[in-house]
Amino acid sequence: MNLFSQENSNYYTVDANYFYGNILPHNNTIRHLITEHPEGILISFNKKTFGNKEWQSAYNFPDYGASFHYENTKNETLGDLYGLYGHYNFYFLNRNLMFRVGQGISYNTNPYDKNTNFRNLAYGSNWMPSTYFMLNYKKENLFKNIGIQAGISFFHHSNANIQSPNTSTNTLAINLGVNYSFEKSEDNQRKTMVFDTINYKKQPFKFNISFRSGINESDIIGSGKFPFYVLSVNIDKRLSRKNALQFGTDLFASKYLKEYIKFKSVAYPNENVDRNTDYKRVGIFIGHEFFINRFSIETQAGYYVYSPFDYLGPFYQRVGLKYYFSDKIFSSMSLKTHGAKAEALEFGVGVRL
């Protein structure tokens, strides 16, 4: 049943923010690169939603759009950063509090080079995936179509060990900005869309199979980039419109780890590493999936039940995005980490049966 009527679905805004902050010293190997307070700009283009689709009203009518980021790190060795992102804005407290999450790609102007820039251990490549979060108090249309916003922002830059070194950086900043609405009045257009209710709790368990792959490199700079393969099997139980729980297992075959074991067996004979040690690993995990439209955010925490070569510890995590082409077919992009240490950027496809 559809109880919605809509006058305008093309309501756009732009905002521009100046930010000033600190690069967090999450790793001792980048402390020498933190010399001053970075600053920059974030410019965003947003499309508002009014409830013409069920997910929009379910999430309190978020915005979605694209944003451009420039960060001056105030350090010549570290270089500057430019980024392009897709983002969602979620609203709370009578739409005065905005939480934004953005995912995209960034460009660093001065990455590591063994001859000309060997001190930059943060970025091993020019191009890298990047994520940012923003929490702002926001008021629109204070003076005609112009409003203001202010709050805190967090920017993460890392190439996910596609190429070493990859210590990465995290910038925590305060921001102040202005926003402009192309149309001023919107309150009368925001309506709730009602569908025939779905009892998600009565839905059966679903069986998922996914295959992920990509390339990465060990922490030995210049050791070479190698492909990796991950086969994952899990069951999930949908709890509500927004949430599902998961339990499953992963099989990892990372060729960089095979080469790293060979390197260790030769370079560190006192550690008694057998060059023929199996590089494959098997993990079990629990997870959560948060559904937004055809997208979902997936978080998992895992433990290796089989790992003959102890590398980066027994626990691993995964956070990523999934896109459902249909109820059964999906694609994914995820970051696999061991605490603050990224291991791989995974691209995958899968089925949910």
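## Basis of the model

The model is predicted, so local features need pLDDT of at least 70 and side-chain atom pairs count only at pLDDT 80 or more, while totals for chains, interfaces and linings use all residues. Residues are numbered from 1 along each chain as its sequence is written, and side-chain values use heavy atoms, with hydrogens and water left out.

Helices (H or I, at least four residues) and strands (E, at least two) are DSSP runs, numbered from the N terminus. Two strands pair if DSSP finds at least two bridges between them. Strands of a sheet pair through backbone hydrogen bonds, either parallel or antiparallel.

## The β1 to β8 barrel

Eight strands close into a barrel. The order is β1-β2-β3-β4-β5-β6-β7-β8, and the pairing is antiparallel. From one strand to the next, the twist averages 25°. Angles run from 0 to 180 degrees between N-to-C directions, with axes as lines fitted to C-alpha atoms, for helices over the stretch in contact.

Strand β3 (residues 63-72) runs antiparallel to strand β4 (residues 81-92), and nine bridges join them. Tyr70 has Tyr82 in β4 as its bridge partner. Phe68 is partnered by Leu84, again in β4. Between β4 and strand β5 (residues 97-108) there are 12 bridges, also antiparallel. Here Tyr88 has Val101 in β5 as its bridge partner.

## Turns and loops

β4 and β5 form a hairpin with four residues between them. Leu93, in that turn, has a positive phi of about 50°. Lys74 has a phi near 65°, a positive value in a residue other than glycine. Lys74 sits in the loop between β3 and β4.

The peptide bond from Ser164 to Pro165 is cis, with omega near 0°. Pro165 belongs to the loop between β7 (146-157) and β8 (169-181).

## A salt bridge across the sequence

Side chains of opposite charge can pair when their charged atoms come close. The structure holds 19 salt bridges. Each is a side-chain nitrogen of Lys or Arg within 4 Å of a carboxyl oxygen of Asp or Glu.

One of them joins the side chains of Lys48 and Glu140, at 3.2 Å from N to O. Lys48 lies in strand β2 (residues 39-48) and Glu140 in strand β6 (residues 127-143), so the pair ties together parts that are 92 residues apart in sequence.

## The β9 to β16 barrel

A closed barrel of eight strands runs β9-β10-β11-β12-β13-β14-β15-β16, with antiparallel pairing. Its neighbouring strands are turned by 25° against each other on average, direction ignored. β15 and β16 run antiparallel and share 10 bridges. Lys336 has Ala344 in β16 as its bridge partner.

Helix α2 (residues 255-267) lies across β9, β10, β11, β12 (281-292) and β16. The helix runs at about 45° to β11. Contact means heavy atoms within 4.5 Å.

## Two cavities

Rolling a probe the size of a water molecule over the atoms shows where empty space is left. On a 1 Å grid over the protein atoms alone, a cavity is a set of points where a 1.4 Å probe fits but cannot get out, and lining residues have an atom within 4 Å of a point. Grid points are joined across faces, edges and corners, and a volume is the space filled by probe spheres set on the points. The structure holds two cavities of 30 Å³ or more.

The largest cavity has a volume of about 60 Å³. Its lining includes Asn208, Arg212, Glu298, Lys322 and Phe330. Elements giving two or more residues are β9 (206-216), β10 (226-238), β13 (295-306) and β15 (329-338). β9 gives the most, with three residues. The lining divides into two nonpolar, six polar and three charged residues. Ala, Val, Leu, Ile, Met, Phe, Trp, Tyr, Cys and Pro count as nonpolar, Asp, Glu, Lys and Arg as charged, and the others, Gly among them, as polar.

The second largest cavity has a volume of about 30 Å³. Among its lining residues are Phe228, Phe252, Arg281, Lys336, Ala344 and Glu346. β10, β11 (243-254) and β16 (341-352) give two or more residues to this lining. The largest share, three residues, comes from β16. The residues divide into four nonpolar, two polar and four charged.

Note on methods: On a 1 Å grid over the protein atoms alone, a cavity is a set of points where a 1.4 Å probe fits but cannot get out, and a pocket is an open set with protein on both sides within 12 Å along at least five of seven lines; lining residues have an atom within 4 Å of a point.
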